[in-house]
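This briefing covers selected features of one structure, grouped by topic. Please read the points below alongside the sequence and the coordinates.

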Number of protein chains: 2
Amino acid sequence: MKRKSFCEERAKDCSGKRVKTPKAKQLLFTRNFSFRGIGILTIFTTYMSFQLLATDKDSNARAGLLQTAHGEIQTPIFMPVGTAGTVKAVHFRELERDVKAQIILGNTYHLYLRPGLNVLEAAGGLHKFIGWDHPILTDSGGYQVYSLSEIRKIKEEGAEFRSHIDGSKHFFSPEYVMDIQRTIGADIIMAFDECTPYPCDYDYAKKSMAMTHRWLDRCVTRFQETQPKYGYEQALFPIVQGSVYADLRKQSAEYIASKGMTGNAIGGLSVGEPDEEMYGMTDLCCSILPKDKPRYLMGVGTPANILESIALGIDMFDCVMPTRNARNGMLFTTQGIINIKNEKWKNDFSPIDANSECELMRTHTKAYLRHLMHSGEMLAAQLATLNNLSFYLWLVGQAREQILVGTYKSWKDKMVKQVMTRL
Amino acid sequence: MKRKSFCEERAKDCSGKRVKTPKAKQLLFTRNFSFRGIGILTIFTTYMSFQLLATDKDSNARAGLLQTAHGEIQTPIFMPVGTAGTVKAVHFRELERDVKAQIILGNTYHLYLRPGLNVLEAAGGLHKFIGWDHPILTDSGGYQVYSLSEIRKIKEEGAEFRSHIDGSKHFFSPEYVMDIQRTIGADIIMAFDECTPYPCDYDYAKKSMAMTHRWLDRCVTRFQETQPKYGYEQALFPIVQGSVYADLRKQSAEYIASKGMTGNAIGGLSVGEPDEEMYGMTDLCCSILPKDKPRYLMGVGTPANILESIALGIDMFDCVMPTRNARNGMLFTTQGIINIKNEKWKNDFSPIDANSECELMRTHTKAYLRHLMHSGEMLAAQLATLNNLSFYLWLVGQAREQILVGTYKSWKDKMVKQVMTRL
């Protein structure tokens, strides 16, 4: 790769294009650092900032504005999952214009294995590689190491695993995961943690949490020792663990909060536990994690899970449900949930969702989408995914508006029933 | 289905929306017919028309304008194949805006089996079912009956076959195929024929051709006895057969021409014979088929096949090659042919095709598309298909411009080499 000159990097970094909203507060500062032996360079960087705009009077729901080098994010927000550098079946143009996604998620494990770090670095980072000039968050790869890879061994030093693609052997340490995420170049990167399964006995959960905390310290150290590779700022979010044990969650949330990072995440939930346990743990964590920083509940969830968790004080969500379930014919709509494969839609020529933000859902019919799904046509997955993501983004957008006008709680109680109705 | 009132039907039929180009010549006439027992109705119909605008001085290439009730088609034209009511992996919005398709093809065999005639009729025809308000052509189903269905028996009365989906037994007669295509409602429908394989012995080719001619007579009779179901005109194209035997092709072309239909097709080519034989037969047929009517060469072909056949006097093409090969990683570009899976593209961050009419090909890189293809991501098929179809439509558009300015032959000789180069 022909490396761009420092001047080009700086020009781009400070241009209006990168920062989508001129109103957004930006802190510019000058920093000196060594750039791969090229010498001492001086670049401008924007500090990520989070602005709390409103808190619901009847719940802990919050509306905020998270500023990144690739544009602002209006919270609460849902982040579509773009596993291997693509949100499956969706063009980026559609993500932007139809789904109105503000930030997407990439999976470190997948991107590390394919296309690999050399290609990503040569491309100038993930944003350029995939052609998405908006914010990106990457997970730490831990979750996939535990769930996908063929053989894995977790020890204090890190996690050893074999690729699910070709069986090759790899080792992720907290430090290496920071380095990988520097190379991927997402705006928000996640600490390397162990996501405990459910159920998980107390002793294991406690030991695992303690190791996650020690890994976090190593992540923070490495993060602070290194610099972004592509001239724009990255933020590291630590992750609360502790399974479904209140004392562990409290301890973990306090430890994570003490790190003073830009934002904080809650992991290890939505792994099979009852919703009430998930809400209880989330509520507890939110009561401890700082109010002036964004809170990200990882891997959650159904529309109801999202609305309930917003009420507890969560600002950011990601989940494969809208994309994965779309490919199996499960549609989330403004009126409720549809299994589009069902016989009842065979002659239903009404729009897929007449109230959808996406024009394609207002023009294509249920009968047509059912036909595509039964015929195994790719357009079925394309349309269903667009529908579900448009709905998820619409839902969090509506939630935000309700928070801003102070009517979130009553709206949420009504909406949870409506959007979870089986049609 | 709630049938629309006659007034609604008529209003739609005469509206400016349906007929895309006000300049296009339209003949309106009044016709009486019985409408499924509802009584005698009077509707307005537009006569399909073909206008020959220019013929190349150094070849038989022609530029024309084919007017249909769903808009005009600038010839020479390539028709993307939309087998089961979808051009695989492509949104109709993309077909319109990115590919700039003017007419697409549907397969009678597939649509008849799924979603089936009841659904299509209840939807108000294929255009409405799929949400495509531009011209459509349907084949007769014959080709798929012979190539896809599990058991088939061809006799004078028609073809008996079992569905490749569920093994159910069906029978296509020339009359029934006309009825089916009335229900599907494409603007151009095809006569039921037997497409002979290659090689095919002379006696079988001769017998088969004679039966195809008798089937054509039955198709024409049924076509003339029946009316369109959705208030807009349909045209029936007969098909020349005769394998690679000049005397049979001559005899068949003369018979087909004698029917005086709106347009004519050449079938039974591009089934494995050498290109030179295909061109020879096509040339012979074009010398007989009337100049003032569109000529459609079925199932052809590579970019070179298309350019050479345009030079022989062909106006319309369809082929699964751009769509099917896209899904396997074969890209047709303005500079030549690319196997995007190859290692050489791994770090190639140049656009997929810098000269493509489709913006996505100018922004996404070869390295990214290679990654998607290797990862088995749906977006790979989506982008590659868009690329190939955009290219095919660009190619015939360029051909048309060259014909109009009188430089087709020399441009074609240069272009055939360029677009068939393996990059």
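In what order do the three strands of the open sheet in chain B run, and is their pairing parallel or antiparallel? The order is β9-β10-β11, and the pairing is antiparallel. The model is predicted.

**Sheet of chain B**
- The edge strands are β9 (152-155) and β11 (169-172), each of which pairs on one side only.
- From one strand to the next, the twist averages 15°.
- Four bridges join β10 (residues 158-162) to β11 of chain B in the antiparallel sense.
- B:Arg162 has B:Lys169 of β11(B) as its bridge partner.

**Helix α11 of chain B**
- This helix spans residues 303-312 and is mostly covered, with nine of its 10 residues buried.
- Among the buried residues are B:Pro303, B:Asn305, B:Ile306 and B:Leu312.
- B:Gly313 follows α11(B) and has a positive phi, near 115°.

**Interface between chains A and B**
- Contacts involve 41 residues of chain B and 41 residues of chain A.
- The two chains bury about 3400 Å² between them, 57% of it on carbon and sulfur atoms.
- Of the area that chain B buries against chain A, 19% comes from B:His91, B:Arg93 and B:Met378, more than from any other three residues.
- Eight salt bridges are counted between the chains; one of them joins the side chains of A:Glu377 and B:Lys88 at 2.7 Å, N to O.
- There are 18 residue pairs in polar contact between chain B and chain A.
- Elements giving two or more residues to the side of chain B that touches chain A include α2 (92-99), α14 (366-374) and α15 (378-405) of chain B.
- α15(B) gives the most to that side, with six residues.

Terms used. Residues are numbered from 1 along each chain as its sequence is written. Chains are lettered from A and ligands numbered from 1 in the order in which they are written. This is a predicted model: local features need pLDDT of at least 70, side-chain atom pairs count only at pLDDT 80 or more; totals for chains, interfaces and linings use all residues. Side-chain values use heavy atoms; hydrogens and water are left out. Two strands pair if DSSP finds at least two bridges between them. Axes are lines fitted to C-alpha atoms, for helices over the stretch in contact, and angles run from 0 to 180 degrees between N-to-C directions. Buried means under 20% relative accessible area, exposed over 50%, partly exposed in between (1.4 Å probe, protein chains only). Contact means heavy atoms within 4.5 Å. Buried area is the accessible area (1.4 Å probe) that two parts lose on being put together, summed over both. A salt bridge is a side-chain nitrogen of Lys or Arg within 4 Å of a carboxyl oxygen of Asp or Glu. A polar contact is a pair of N or O atoms within 3.5 Å; within protein, one must be able to donate a hydrogen and the other to accept it, and residues adjacent in sequence count only if both atoms are side-chain atoms.
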